[in-house]
Amino acid sequence: MSWPSPVELQGAHCTLEPLALTHNDALAAAASDGELWQLWYTAIPSPETMRAEIARRLDLQAKGSMLPFTTRDADGRVVGMTTYMNVDAAHKRLEIGSTWTAASAQRGPFNTECKLLLLGHAFDALGCIAVEFRTHFFNQQSRRAIERLGARLDGILRSHSRASNGTLRDTCVYSILESEWPTVKSHLQWQLTKPR
C-alpha cells in the first residue's frame, strides 16, 4: 500500500476528499470564483486547463509522490484543491501545497481547519517528522497564512524555478517539526474557537 494512502478528512468547516476527474466541473467553477488563474505569482488552473491539472495530480499520486484532495466548504460546495506533495516515505516527510481556494471561501475558519486536518493526519496518523510549506516570495497572502499556522521560515531558495510568465521564482520554505506539532495544534484549535 502506498504512503500516504487516499483518505477523507472532515471537520466542522471543511471536508477534504480524494481528488477525482468527476470533480472537474465543480473545480472549474471554484477557480472562476475570483479568476484565480490570473495571479501571476502562483499556478492555479483555469477552467479550460482544470481537467489536465486533475489528471496530472492523479498521475503523480499513482507514482507515489502526491496525494491530492478536493476541498469542500461547510455547505458541501467544492471550493478548491490541496495536496500532500513531494512525499518522502522513507524519511516520513511531505509538503502541504499546490493549494488554492475560491475567493468566496478564503476568509473565516475554512483554511485554518483544512490545515489542522492535514497536519493532524500527517503527524498523528502518518508519523511525519516534518511537514513543509513552500510559496513564492511575492505571495504575501500565502506567506502570512503559513506563518499564522505556526510554521517557521527555513530559508529562501533564490531563483528556484521559472514561473509560467518567464520570471524567476524565489521560493520561501517553511516547516513544522514533529516536536512543534502539539503547540501548533493547540494554537490552531484556539484560532478556530476564538470569536471573529
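These legends walk through several close-up views of a predicted model.

**View 1**
Start with the open sheet, which is built from 8 strands with mixed pairing. Reading across, the strands come in the order S1-S2-S3-S4-S5-S6-S8-S7. Look next at the edges, where strand S1 (9–10) and strand S7 (152–162) stand. Each of these two has a single partner strand, so one side of each is left without a neighbour in the sheet.

**View 1. The hairpin of S1 and S2.**
Here S1 and S2 form a hairpin, with 3 residues between them. The pairing of S1 and S2 is antiparallel and runs over 2 bridges. To find your way, look for Gln10, which stands opposite Thr15 in S2. Strand S2 is mostly covered, as 4 of its 5 residues are buried.

**View 2. From S2 to S3 and on to S4.**
Moving along the sheet, S2 pairs with S3 in the antiparallel sense over 5 bridges. A handy landmark is Glu17, whose bridge partner in S3 is Thr70. Strand S3 (residues 66–73) also pairs with strand S4 (residues 78–88), again in the antiparallel sense, over 7 bridges. Within this pair, Leu67 has Tyr84 in S4 as its bridge partner.

**View 3. Helices H3 and H4 on the sheet.**
Helix H3 (residues 110–125) lies across S1, strand S2 (14–18), S3, S4, strand S5 (93–101), strand S6 (130–136) and strand S8 (168–177). The helix runs at about 50° to S2. Helix H4 (residues 140–149) packs on the sheet too, touching S6 and S8. The direction of H4 makes about 160° with that of S6.

How many disulfides does the structure hold? The count is 0. A disulfide is a covalent bond between the sulfur atoms of two cysteines, and here a pair counts when the sulfurs are within 2.5 Å. Are Cys14 and Cys128 buried or exposed? Cys14 counts as buried because its relative accessibility is 1%, and Cys128 counts as buried at 0%.

Definitions and conventions:
Residues numbered from 1 in each chain as written. Predicted model: local features only at pLDDT ≥ 70, side-chain atom pairs only at ≥ 80, totals over all residues. Heavy atoms only, no water. Pairing = 2+ DSSP bridges. Contact = heavy atoms within 4.5 Å. Axes fitted to C-alpha atoms, helices over the stretch in contact; angles between N-to-C directions. Buried < 20%, exposed > 50% of the residue type's maximum accessible area, 1.4 Å probe, protein only.
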